[in-house]
Amino acid sequence: MNPSLVNLKHLTYLNLSQNAFEETIPYFIGSITSLEYLDLSNAGFYGTIPHTIGNLTNLRTLRFEGGYYENDDNDVSRLDVDNLDCLLGLSRLEQLIMNNVNLSRASNWQQVINTLPSLVELRFTYCSLHFSKPPLNNNITTSLAILDISDQGKFRSFAIPSWIFRLNNLIYLVLRGYSFYGPIPNISNSTKLQRIDLSFNNFNSTIPDWLYSLKDLEFLNLRGNYLQGTLSNGIANLTSLNTLDLTTNHLSGEIPRGITANLCKMQSLDLSGNNFQGEISDWFGNMSDCFLGSLEYLNLARNQLSGHLPAQFGDFKSHKSIGLDSNNLSIPINTGKLPPLESLYLDDNNLIGNLPESFGQLLNLKYLNIEDNKLEGVVSEIHFANLTKLKQFSASGNHLTLNVSPDWVPPFEKIYLLALGSWDLSEGGQIPTWIEKLNLNKLDLSSTGISGIVPSWIWKIIYLDLSHNQLHDNIPNLISDTRYIYLSSNRFTGSLPQVSADVSEIDLSNNSFSGGLSHFLCEMNETYSTDFLHLGGNQLSGEIPDCWMRWSSLTYLNLGNNILSGNIPNSIGFLKGLRSLNLNNNKIFGRLPFSLRNCTLLMKIDLGNNDLYGSIPSWMGTGIADLKFLILRSNKLSGEISLDICHLNSLQILDLSDNRFSGIIPSCVDNFTAMATKRSLSQYMETYIWLFGDSASVVTKGSVLKYDNTLALVTNIDLSNNNLSGGIPEELTSLVELRSLNLSGNHFAGLIPQSIGDMRQLESLDLSRNSLSGEMPNSFRGMSSLNYLNVSYNHLIGRIPESTQIRGFNASSFIGNDDLCGPPLTSNCSSSDGPKNREDNHESGDRPSSKIEWLYVFVSLGYAVGLSVFCTTLIFKKSWREAYYEFMEEMWNKVYVYFYLKWKKLRKTSG
């Protein structure tokens, strides 16, 4: 930048934006004092903005939009400031735009802005602002009309500054993006607002009433918050509104009818991702003509709406998109009067009946999704007759049959997504030949019953799902454009095919592939970008190769249910982004490798049913903090259960069964907070998203159950069939969200904790084959969720607690104890809770009871001792003896006189 610019004494307008100076902003820029407009945005400048900018007192517009350094994943701004004091003298400044400038050190920016009395427009997006110091005066309220301070970073969170809603001339407000939390203020002086964008924050209040009185409001976006309550009927007052977006909140109740009756300028209405309920025809069955004429985009997806599409939907004049997916619509589709749509989303409902042929008349239709419904019947060429603009057709998850001629030429030449999963393709069980004529990026023919050999042309498709069919033969090396390969549950044989290093997801599970892994994993000498690899359920053998450094992008790895052997290789530690590791049901031996501690993001480890030995390393508890599922069942692991395992407070499944562990259960198990506290929706969704498509087998309720889609909900502890001893720690009963507990086949002794009844969510409890003693706690009566219980073969005594739940269990759940009685056992209990007609519940058969009834012994002994003391006193104490005889003589005389008079009276009466 040439210093000679300072010679332009009358220069008022300077725009150097969109250049590539690649230098710092020169200090002499502050010497061009006649400037009224200065724009240095995206001009390649970097470093600190000079303080000499403060000399430009005539400025009306100042733009310093920065950028980011190239190849920087941390989005570090190229421009920054020490402070904003240089702006203090710019009293004529009307427009200030500093987007993408790092203002994190300008802690007093709010006070500085309040000294600019002429400021009309302020844009500070992506600036890393702090909101700790509120402004000291209200000068800004008289001028500022446009305010955009959005996107201050995902890891910053502030309460919304109160001064913002005191800006009485504000017409444009954008606070978008991850920065603010708490309630939206209940009071506002900003009555002239025309545009509000508070999307993607953490606001958790109801929608404030003042918002419904903004008659000039044209755009309202509250998407992606935690807003609660209902949508007020006052929404009908916003007659200037053309865009309303309330997506992904917690709003509930009914949709106000005033929206469709009064909002005549509405063009885009998005209420998706809430909990609105009721019949859709109640709110969209009586729409005003002006609403029908203006609306172009309607999205009501992911609510709880029911009913059918109102006939009035056919009266939209310029409507382009309808989204009703993920509701409870259950009436057959009627498209007789649908408008000339471009997009229609009806997936994930309960739609029944046939697919109407009138779909073929939607001439402008580009995107059609009817997946995951209950549609049935035949789909013919008529259904697609005029769909020449169709780009996406998603209809998997229905029971439809395709009936087209073998030489059919589809009219939709521009289609790139075709999903017909679960259809009957009626082509002799072969992949339809007409698909080859399409230029597809995505093809789903899963669960269609197709068989035979896969044609070579299909491997060019980027996203390919042919899973759950009868396809067979070898697969060629897939060094092609395919990026997503789903071929699971077929009959493919031979060696694994080599794949391109650019493949993102590979699922070849549950086939009959054989041979080793080396040629698949190691031979191409490439670094793979794959994040999902599932080769489980095949016949793969040999050792696991030590070349995982080439697969460092993996987040999911499943080699389970094969015949793999050898040690777990050390290079597994290069998978630092791994979330799920599954090597179960193989013949792997050795110790857990130390390098596994590098996989700090692991949420699931399943190494069950192998021949691993040694102890659980301490780093597993301290180094893998996010671990939720730890399954080491059926190995040869030994030693004590380390206290370090208690650091895994996110743990939901702990399965150490069928090993050789000894010692006691650590009392710190109450640190498993995921089993002790009710998880929030966000915690559940985090597990669900990361482990989507994953599964685990758990022994519960006496059976092995496999969980897949509901895995994120499962909580289970299984320590059965080890050599554990000691008592059952009281702390274990604090895990009140635990669903299944199995401690059977150990050497636990002592009493069952009285607080066992606190575990009210427990569905399965197995304490059998231990040495537990005492009575069963009465708190068992309150365990209403319990549907499997086994306490057999212990040393329990007394009455079995009575409840409807316990009466429903089989007697086999209680056999093999010393003296349990009561239902469901046939042995009755006496009044003292012991057996009256005892049956010996031991395997050795009946035997007479040798117990002494100590209550009767002590009563008799007490009577004898009391009587002897009394008699001895009479013998040795004369005064007591005389008094006693005198008392007895007096009593005898009274009794004698009483009965003599009675006898005389009776004789007189009878005579």
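Residues are numbered from 1 along each chain as its sequence is written. In this predicted model local features need pLDDT of at least 70 and side-chain atom pairs pLDDT 80 or more, while totals for chains, interfaces and linings use all residues; side-chain values use heavy atoms, leaving out hydrogens and water.

User: How many strands does the protein have?
Analyst: Helices (H or I, at least four residues) and strands (E, at least two) are DSSP runs, numbered from the N terminus. The protein has eleven helices, and its strands number 62.

User: What percentage of the residues in the protein is buried?
Analyst: Buried means under 20% relative accessible area, exposed over 50%, and partly exposed in between (1.4 Å probe, protein chains only). Of the 911 residues in the protein, the buried ones make up 50%.

User: Why is the pair of Trp109 and Trp163 classed as it is?
Analyst: Rings of Phe, Tyr and Trp (its six-membered ring) pair if their centres lie within 6.5 Å; planes under 30 degrees apart count as stacked, over 60 as edge-to-face and the rest as tilted. By this rule there are 19 aromatic pairs. The ring centres of Trp109 and Trp163 are 6.3 Å apart and the planes stand at 70°, so this pair is edge-to-face.

User: How many residues apart are Trp109 and Trp163?
Analyst: Trp109 is in helix α1 (residues 109–113). Trp163 is in the loop between β11 (158–159) and β12 (172–174). The pair links distant parts of the chain, and the separation in residues is 54.

User: Is Trp109 buried or exposed?
Analyst: The relative accessibility of Trp109 is 0%. Trp109 therefore counts as buried.

User: What kind of pair do Trp408 and Trp434 form?
Analyst: The ring centres of Trp408 and Trp434 lie 5.0 Å apart. Their planes are at 70°, so the pair is edge-to-face.

User: Which residues form one aromatic cluster with Trp408 and Trp434?
Analyst: Trp408 and Trp434 are both buried. The cluster that holds them also contains Phe384, Phe393, Phe412 and Trp423.

User: Which residue lies over the face of Phe219?
Analyst: A charge sits over a ring if NZ of Lys or CZ of Arg is within 6 Å of the ring centre and within 35 degrees of the ring normal. At 3.7 Å from the ring centre of Phe219, the residue over its face is Arg195.

User: How far apart in space are Gly536 and Asn558, C-alpha to C-alpha?
Analyst: Gly536 sits in the loop between β40 (532–534) and β41 (539–543), and is buried at a relative accessible area of 2%. Gly536 and Asn558 are 22 residues apart in sequence, and their C-alpha to C-alpha distance is 5.6 Å.
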